[in-house]
Amino acid sequence: MIKEYQFKFEELNISLEDIGLLMGYNGEIPEPFPSMIEEGLGKAPELCNIQGGYQIFSDAEILTSEKIIRVNKIEFHPGKIVSVRLKKSTSAALFVCTAGKDISDYSKELMSAGQLMEGYVMDVIGSVTVEKAMDQIQAGLLIEMQKQELGISDRYSPGYCNWSVGEQQMLFSLMPENFCGVSLSDSSLMSPVKSVSGIIGIGAELRQKGYQCDWCNDKTCIYGNIRRRSAVE
Ligand code: SF4
């Protein structure tokens with residue numbers, strides 16, 4: 001089963017606080033960022049082409065002791081965190097989502113013109129846009145699965161939680177070419193840059209339990225930084 005979505009920027013309800021959180025501010029955002037963020041949020045609707053979707057594979061197999069996830073006969077090696085969290089999966093959804101190309105092009109233009117802070121703010125708005133869109137896609141998947149009395153896991157992406165980014169090659173090989181307008185280079189970089197991809201486990205006993213960021217060694221991970229700050233809130 002394949003499902004695709006398109007979103008308008010306004011549908012994602014992205015706030016100043018959402019952008020501030022990814023910039024490292026859990027609370028008051030210092031000057032001059034608030035006005036820059038407001039300006040960026042005003043410009044983002046014309047710069048974003050937000051698409052995403054998932055494909056469900058009914059033959060997921062989790063070999064927890066080997067830390068392997070097998071989907072459609074392809075074996076992923078996502079490491080302990082992901083394989084443990086997905087261990088009760090009986091099927092799996094592979095997903096991609098993108099904010100489109102124009103927002104990162106605009107961010108680069110600003111930086112090339114010496115407007116480094118403005119460019120950085122647009123870059124962060126692009127990242128938050130993808131995550132917020134993916135939150136909605138994941139919520140849609142949960143509703144669909146609940147109709148079949150199934151649950152879902154949190155979502156996991158190559159490049160995080162000790163899962164090699166190189167395994168995106170296998171992940172993309174399982175989905176239609178250029179699915180939702182996202183492609184992958186030989187060096188496993190997604191195009192457009194503001195894109196995410198990954199896996200969500202599906203199973204009767206699966207629940208979203210939250211991430212293990214408080215115990216994780218990767219202190220540079222952007223997701224971990226947001227989740228730890230949100231938990232302190
Ligand atoms: S901080 Fe959280 S999301 Fe990031 S790698 Fe660690 S467990 Fe995964």
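Asn-13 sits in the loop that runs between strand E1 (2–7) and helix H1, where helices (H or I, at least four residues) and strands (E, at least two) are DSSP runs numbered from the N terminus. The model is a predicted one, in which local features need pLDDT of at least 70 and side-chain atom pairs count only at pLDDT 80 or more, while totals for chains, interfaces and linings use all residues. Residues are numbered from 1 along each chain as its sequence is written.

Most residues other than glycine have a negative phi, and most peptide bonds are trans. Asn-13, however, has a positive phi near 50 degrees, and with 9 C-beta neighbours inside 10 Å it counts as exposed. Cys-161, in the loop between strand E7 (151–156) and helix H6 (168–174), also has a positive phi, near 55 degrees, but Cys-161 is buried, with 24 other C-beta atoms within 10 Å. Here a residue is buried if 20 or more other C-beta atoms, placed from the backbone, lie within 10 Å of its own, exposed if 12 or fewer, and partly exposed in between.

The loop between H1 and H2 holds Pro-32, which is joined to Glu-31 by a cis peptide bond with omega of about 5 degrees. On either side of this loop, the axes of H1 (residues 16–23) and H2 come within 10 Å and cross at roughly 120 degrees; axes are lines fitted to C-alpha atoms, for helices over the stretch in contact, and angles run from 0 to 180 degrees between N-to-C directions. That makes H1 oblique to H2, since angles under 35 degrees count as roughly parallel, over 145 as roughly antiparallel, 65 to 115 as roughly perpendicular and the rest as oblique. The contact (C-beta atoms within 7 Å, placed from the backbone) is made by Leu-16, Ile-19 and Met-23 of H1 with Phe-33, Pro-34, Ile-37 and Glu-38 of H2.

Further along, helix H4 (residues 102–112) has Ile-103, Ser-104, Tyr-106 and Ser-107 buried. Seen down the axis of H4, these buried residues fall within an arc of 155 degrees, taken over the directions from the helix axis to the C-beta atoms, so they line one face of the helix. They pack against helix H2 (33–47) and helix H5 (116–146). The axes of H4 and H5 come within 7 Å and cross at roughly 165 degrees, and the two helices are therefore roughly antiparallel to each other. Just after H4, Gly-114 takes a positive phi of about 90 degrees.

Conventions
Two residues are in contact if their C-beta atoms, placed from the backbone, lie within 7 Å.
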